[in-house]
Each structure stands twice: as C-alpha cells, then as structure tokens.
Amino acid sequence: SRVEGTRFHAGRCLLQLLPLLSTPQRNDLMVELLRSLQLDAEAITRYIPRFLGAVLASLPDQEFLEGLDDIEDHVRRGTEALHRLLLQTMSWVVVSLEVERLEGGVLRRLAAMLLGAVAETRASTVHEGYAQIAMVLERMTRRQSGDGRLSLFLRIVTKSLLSLVTH
C-alpha cells in the first residue's frame with residue numbers, strides 16, 4: 001500500500017495471526033519477508049524488519065537458527081541498504097525473543113552482527129549499527145521486566161562496543 005499506516009496495520013495483523021500458523025507456514029512467511037527485503041525498494045522494505053524480527057523469533061530453534069544463518073549470509077554479501085535493514089531486523093529479534101532463547105550462543109551471534117556494523121568502513125552502516133544498539137538498549141530499559149535480558153546484552157556488547165568507539 002502507499003499509505004504508511006496501512007503497512008503497519010498489515011504487519012500488526014500478521015503478528016496477531018502468528019499463533020494460528022503452523023511452523024512451516026511461519027517459516028515460509030519468514031523466508032518471503034527476507035526475500036522482500038532484497039527488493040531494494042526502500043520505501044516499502046523499511047517497514048519489514050520489525051515484523052520479520054518477530055516472525056523469526058516465533059520460530060522453533062531449528063528454523064530460527066536456519067533463518068539466522070541466511071541473514072548472516074546476506075549481511076556478508078548484501079548491499080548497503082540491505083545491510084541496514086538486516087541490522088534493524090536483528091535488533092527486533094533481540095527484543096522479541098524470549099530471554100531463555102537469548103542465552104547461549106544466540107545473543108552472542110545477534111550482538112556480533114550489530115557490533116560488526118559498528119566496525120564497518122561505510123559510515124552509514126556504522127551509524128545504523130550504533131542506532132540499532134541504542135534501540136535495543138532503549139527498548140530493554142523501557143520494558144523493565146527484570147528478566148535479565150538487559151544484563152545479558154550489556155555483558156556481551158560493552159567491552160566490544162567501548163573498544164570500537166573512536167574519537
């Protein structure tokens with residue numbers, strides 16, 4: 001749709017339907033949203049990351065990890081615009097996943113993608129990396145759930161983030 005509000009409403013409706021969809025259907029939805037990010041029509045694709053992140057977070061571990069593999073692959077070889085959209089998606093995954101699923105290597109992988117952007121040579125990617133880390137921190141502090149999510153994230157990113165900060 002050409003109307004921004006309609007795009008958000010459609011995305012919210014998709015999220016409400018997630019519990020009704022089978023795992024293969026949710027996986028297909030994730031694949032299609034990921035493909036849509038590659039369209040390079042930023043006027044449309046910029047609305048996808050928040051919903052793609054939630055769909056990805058709703059998948060069982062095997063499909064979730066396969067989706068992360070695909071995203072990591074696209075981050076390495078994608079365009080600058082796609083890289084920014086995938087960073088936004090990773091931020092939404094971090095705030096959408098249940099805290100139990102963040103433990104172990106998952107949060108480390110997600111944080112590595114965000115921190116990798118901060119170490120990039122392209123200024124727009126660096127700015128997006130910082131913006132997405134800030135968004136994750138802001139959403140976690142606003143949530144104030146006390147579930148340990150914020151301390152887990154900070155434990156992983158703090159040292160690396162501080163070492164990447166330049167004058």
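Start by selecting Glu138 and Arg142: they form a salt bridge, and their closest N and O atoms are 2.6 Å apart. A salt bridge here is a side-chain nitrogen of Lys or Arg within 4 Å of a carboxyl oxygen of Asp or Glu. Both residues sit in helix α9, four residues apart, so about one helical turn separates them. Helices (H or I, at least four residues) are DSSP runs, numbered from the N terminus. Glu138 counts as partly exposed at 36% relative accessibility, while Arg142 counts as exposed at 52%. For these words, buried is under 20% relative accessible area, exposed is over 50%, and partly exposed lies in between (1.4 Å probe, protein chains only).

Before moving on, a note on what you are looking at. This is a predicted model, in which local features need pLDDT of at least 70 and side-chain atom pairs count only at pLDDT 80 or more, while totals for chains, interfaces and linings use all residues. Residues are numbered from 1 along each chain as its sequence is written, and side-chain values use heavy atoms, with hydrogens and water left out.

- Arg77 is exposed, with a relative accessible area of 57%, and Asp73 is partly exposed at 32%.
- Select Arg122 and Glu120: they form a salt bridge with the closest N and O atoms 3.5 Å apart. Arg122 is partly exposed at 26%, and Glu120 is partly exposed at 27%.

Next, go to helix α10 (residues 149-164). Its 16 residues reach 23 Å from the first C-alpha to the last, close to the 22 Å expected, where the expected span is 1.5 Å times one less than the number of residues. Look at Val157, where α10 bends by about 40°; the bend is the angle between axes fitted to the seven residues ending there and the seven starting there.

Which residues of α10 are buried? Colour Arg149, Leu152, Phe153, Ile156, Val157 and Leu161. Their cover includes α6 (80-96), α7 (99-102), α8 (105-118) and α9 (123-143), with contact meaning heavy atoms within 4.5 Å.

Finish at Pro24, in helix α2 (residues 23-37). Pro24 counts as exposed at 52% relative accessibility.

Technical notes:
Helix = DSSP H or I, 4+ residues; strand = E, 2+ residues; numbered from the N terminus.
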